[in-house]
Amino acid sequence: MTTLAACRIGSTYALAADRWISFGDEYASLADPKIRMAAPWLAIGAVGGSNAATWLRGVSVDCEPTTRADAQAHLDALGEAFRLAAKEREFGSAALVGITPWGIVDFHSSGSVNFLDAAVSAQGSGGKIAQGAMHAIRDFHGDTLSAQAVADYGVRTAALYDAGTGGRVDVLTIEAAP
């Protein structure tokens with residue numbers, strides 16, 4: 001599995017993911033990141049199976065929304081494509097997490113797409129650990145740390161306690177809409 005961590009600090013959203021992959025009881029670090037920029041306004045990552053990560057590599061969104069409502073319409077179309085791909089390729093337990101200038105977005109293999117009203121969110125095998133770590137470091141340091149540092153810390157903390165998380169950590173950022 002893997003761990004994805006998203007957060008907002010100040011006017012910046014960050015999305016972090018490890019590159020760990022398991023083959024039964026064997027683990028290895030992937031050369032390719034599990035998160036990517038699908039558009040200048042959307043960073044996205046996959047958890048729950050290598051099929052979902054492979055599908056995600058081919059995703060691109062050719063539009064430039066100017067509002068959260070406009071972005072939601074484009075994200076709903078992407079969510080439906082994810083649902084169809086999940087059904088066809090049998091990665092039903094997969095999930096996508098994204099960041100946009102309007103917030104953190106959660107995609108489910110059922111096709112539902114939701115903006116989250118939380119400052120931090122995490123998915124994957126180490127998701128609960130990462131989410132707890134991000135809350136703790138934000139509570140302790142406030143807004144003195146960058147969103148990139150907090151998301152990175154969440155994934156690295158998950159790697160300490162979760163066998164399904166490890167290897168290199170990648171982080172992408174997007175500035176929040178005014």
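Which residues have the most contacts inside the largest nonpolar core? They are Trp 41 and Phe 107, in a core of 23 residues. This is a predicted model: local features need pLDDT of at least 70, side-chain atom pairs count only at pLDDT 80 or more, and totals for chains, interfaces and linings use all residues. Residues are numbered from 1 along each chain as its sequence is written, and side-chain values use heavy atoms, without hydrogens or water.

**Cores**
- A nonpolar core joins buried Ala, Val, Leu, Ile, Met, Phe, Trp, Tyr and Cys residues through side-chain atoms within 4.5 Å; buried means under 20% relative accessible area (1.4 Å probe, protein chains only).
- A second, separate core has 16 residues, including Cys 7, Ala 14, Val 150 and Val 155.
- Beyond four places in sequence, Trp 41 is in contact (heavy atoms within 4.5 Å) with residues including Val 61, His 74, Trp 102 and Ile 174.

**Sheet**
- Helices (H or I, at least four residues) and strands (E, at least two) are DSSP runs, numbered from the N terminus.
- Four strands form an open antiparallel sheet, ordered S10-S1-S2-S11; pairing needs at least two DSSP bridges.
- S10 (120-124) and S11 (169-175) are edge strands with a single partner strand each, so one side of each lacks a neighbour in the sheet.
- S1 (residues 3-9) and S2 (residues 12-18) pair over six bridges; Arg 8 has Tyr 13 of S2 as its bridge partner.

**Helices on the sheet**
- H3 (residues 127-141) packs on the sheet, touching S1 and S10.
- H4 (residues 147-161) also packs there, touching S1, S2 and S11.

Notes
Buried < 20%, exposed > 50% of the residue type's maximum accessible area, 1.4 Å probe, protein only. Axes fitted to C-alpha atoms, helices over the stretch in contact; angles between N-to-C directions.
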